[in-house]
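Please take a look at this protein and walk through its main features with me.

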Amino acid sequence: MTIKRLISVSVLAAALLCSCIPKTPDRPTPPAPDPPVPDDPDPITMVTTPGAYGVEGGDVIFDLSVNQFSVLEYTGGCSYRIINPQTVTVVSVSGLPRVLAAGNKVSFLYRVLEQGHSTVSARYDMTVLQIKDGKAWLKKDDTTFIVIALL
């Protein structure tokens with residue numbers, strides 16, 4: 001028997017053998033499991049208007065259609081500043097890390113300057129609740145929190 005014929009017989013035998021093996025029916029892919037249901041979201045995350053709520057000196061809403069907004073980044077941190085040119089008021093949140101992540105504890109200085117005079121200066125320790133839709137929610141307690149628009 002020649003090598004050519006031996007190869008042909010081997011290929012034919014393999015084809016016959018494969019055709020004798022019963023084919024398994026196609027099984028449907030099982031459905032993907034439902035995503036885990038998160039715990040009830042913190043009601044603070046329902047507040048979508050950037051601002052400082054329950055802070056010393058009273059609530060301050062950051063109306064981005066009227067106010068100017070800036071971020072100063074420096075080694076080891078950053079500062080968010082909201083400027084109202086009409087009232088010559090500056091609200092700043094200084095000393096935050098450059099990258100905020102949900103669950104992190106942050107410490108920062110909250111200041112309000114009106115007409116160039118500091119009217120509020122308070123240090124806060126808060127937890128980053130959530131980062132979503134270009135905003136960060138920082139929470140001290142159920143009544144004191146800050147919603148920051150991230151750039």
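The lining of the largest pocket has 8 nonpolar, 7 polar and 2 charged residues. Here Ala, Val, Leu, Ile, Met, Phe, Trp, Tyr, Cys and Pro count as nonpolar, Asp, Glu, Lys and Arg as charged, and the others, Gly among them, as polar. This is a predicted model, in which local features need pLDDT of at least 70, side-chain atom pairs count only at pLDDT 80 or more, and totals for chains, interfaces and linings use all residues. Residues are numbered from 1 along each chain as its sequence is written, and side-chain values use heavy atoms, with hydrogens and water left out.

**The largest pocket**

- About 180 Å³ of space lies in this pocket, a volume being the space filled by probe spheres set on grid points that are joined across faces, edges and corners.
- A pocket is an open set of points on a 1 Å grid over the protein atoms alone, where a 1.4 Å probe fits, with protein on both sides within 12 Å along at least five of seven lines; lining residues have an atom within 4 Å of a point.
- Its lining has 17 residues, and Val60, Thr87, Thr89, Val91 and Val112 lie nearest the centre.
- Two or more lining residues come from each of β2 (60-61), β4 (77-84), β5 (89-96), β6 (105-114) and β7 (117-132).
- The most comes from β4, with 3 residues.

**The overall fold**

- The protein has 1 helix and 9 strands, where helices (H or I, at least four residues) and strands (E, at least two) are DSSP runs numbered from the N terminus.
- An open sheet holds 9 strands in the order β2-β1-β9-β8-β7-β6-β5-β4-β3, with antiparallel pairing; two strands pair if DSSP finds at least two bridges between them.
- At the edges are β2 and β3 (68-74), each of which pairs on one side only.
- Strands of a sheet pair through backbone hydrogen bonds, either parallel or antiparallel.

**Neighbouring strands**

- β3 and β4 run antiparallel and are joined by 7 bridges, and Glu73 has Cys78 in β4 as its bridge partner.
- Between β5 and β6, also antiparallel, there are 6 bridges, and Val93 stands opposite Tyr110 in β6.
- β6 and β7 run antiparallel with 10 bridges, and Ser107 stands opposite Asp125 in β7.
- The hairpin of β6 and β7 has 2 residues between the strands, and Gln115 takes a positive phi near 55 degrees there.

**The nonpolar cores**

- A nonpolar core is a set of buried Ala, Val, Leu, Ile, Met, Phe, Trp, Tyr and Cys residues joined through side-chain atoms within 4.5 Å.
- The largest core has 23 residues, and those with the most contacts inside it are Leu96, Val106, Phe108, Tyr110, Leu138 and Ile146.
- Two or more of its residues come from each of β4, β5, β6, β7, β8 (135-139) and β9 (145-149), with β7 giving the most, 5 residues.
- A second, separate core of 5 residues includes Ile44, Tyr53, Phe145 and Val147.

**A closer look at Ser92**

- Ser92 counts as buried because its relative accessibility is 6%; buried means under 20% relative accessible area, exposed over 50%, and partly exposed in between (1.4 Å probe, protein chains only).
- Beyond its neighbours within four places in sequence, Ser92 is in contact with Ser79, Tyr80, Arg81, Leu109, Tyr110 and Arg111, contact meaning heavy atoms within 4.5 Å.
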